[in-house]
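Subject: Structure handover

Hi,

Here is the structure I promised. Please have it open while you read; my notes follow below.

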Amino acid sequence: MHVFQAVSTNIAVREFQDRPLNEEHLRQILEAGRLCQSGKNLQPWHFIVVRDKQLLNGLADLMRGDLDEPVVRKAPVAIAIVSDPTSEFHVLDAGRTAQNMTLAAWELGIGSCFMSGPEQPDREPYREKAHDLLGIPDRLNLVDLVVFGYPKRRTVVRRKKRKELQEIASEKRYGNPLVLGES
Ligand SMILES: Cc1cc2nc3c(=O)[nH]c(=O)nc-3n(C[C@H](O)[C@H](O)[C@H](O)COP(=O)(O)O)c2cc1C
């Protein structure tokens, strides 16, 4: 799969087949995360793989009432993306590493979705409890959970619901229309 094809077809997947992830697939997803670029090459991330059903249920319990709860409960695997806030670009870096994993997974026929848990103001208390459950040291931040699995349904994306390019890109100065001609 070409990169642009992966980018243009990849969507959030929240329903998975009831089967574990192939070990080699999981390794490849994690490698895609490991090999990501980062500010000053500090690699301020850590990935916690959660395949244990009891632990997935424990995380889902912390999300009780939120739409993410049943997704986490039924996911074959979740990867907690943890980052070190002493690194200036740690959130950007965590996002990039998650994107690498998501796209590498997509190429393997594996869907994924960020699971941020309860909305504010309950998000921070949830994160604190998730820290305890996953044994994350206080000096590190749980950025997000990403669930992965083989999609329950085959989803064909014809057109993504996204803002138009003219709305989100300018030339020279903010708001100055970008005109792209034919090449
Ligand atoms: C940073 C981030 C956080 C997200 N958090 C959640 C979430 O908590 N729950 C959820 O169901 N989807 C979550 N998503 C998935 C987005 O809602 C989804 O990608 C977006 O609505 C676009 O839909 P599409 O991927 O189907 O095109 C998140 C995505 C990102 C990038």
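This is a predicted model: local features need pLDDT of at least 70, side-chain atom pairs count only at pLDDT 80 or more; totals for chains, interfaces and linings use all residues.

Ligand first. The residues around it are Ile11, Ala12, Arg14, Asp68, Cys113, Phe114, Met115, Ser116 and Lys160. By class, that shell has five nonpolar, three charged and one polar. Strand 3 (residues 111–115) gives the largest share, three residues.

Next, strand 2 (residues 77–83). Seven of its seven residues are buried, so the strand is largely enclosed by the rest of the structure. In a regular strand, side chains alternate between the two faces of the sheet. Here both faces are covered. Val77, Ile79, Ile81 and Ser83 are buried on one side, and Ala78, Ala80 and Val82 on the other.

Strand 2 also has two pairings to look at. Strand 1 (residues 45–50) runs antiparallel to strand 2, joined by six bridges. In that pairing, Phe47 stands opposite Ile81. Strand 4 (residues 141–149) pairs with strand 2 over seven bridges, also antiparallel. There, Ile79 has Val146 as its bridge partner.

Then the core. The largest nonpolar core has 38 residues. Those with the most contacts inside it are Leu59, Val72, Ala78, Ile81, Val146, Val147 and Phe148. Among the elements that give two or more residues to this core are helix 3 (53–62), helix 5 (90–107) and strand 3.

Last, Val147. Beyond its neighbours within four places in sequence, Val147 is in contact with Val71, Val72, Ala75, Ala78, Ser112, Cys113 and Met115.

Best wishes

Methods
Residues are numbered from 1 along each chain as its sequence is written. A residue is near a molecule or strand if its C-beta atom, placed from the backbone, lies within 6 Å of it. Helices (H or I, at least four residues) and strands (E, at least two) are DSSP runs, numbered from the N terminus. Ala, Val, Leu, Ile, Met, Phe, Trp, Tyr, Cys and Pro count as nonpolar, Asp, Glu, Lys and Arg as charged, and the others, Gly among them, as polar. A residue is buried if 20 or more other C-beta atoms lie within 10 Å of its own, exposed if 12 or fewer, and partly exposed in between; C-beta atoms are placed from the backbone. Two strands pair if DSSP finds at least two bridges between them. A nonpolar core is a set of buried Ala, Val, Leu, Ile, Met, Phe, Trp, Tyr and Cys residues joined through C-beta atoms within 7 Å. Two residues are in contact if their C-beta atoms, placed from the backbone, lie within 7 Å.
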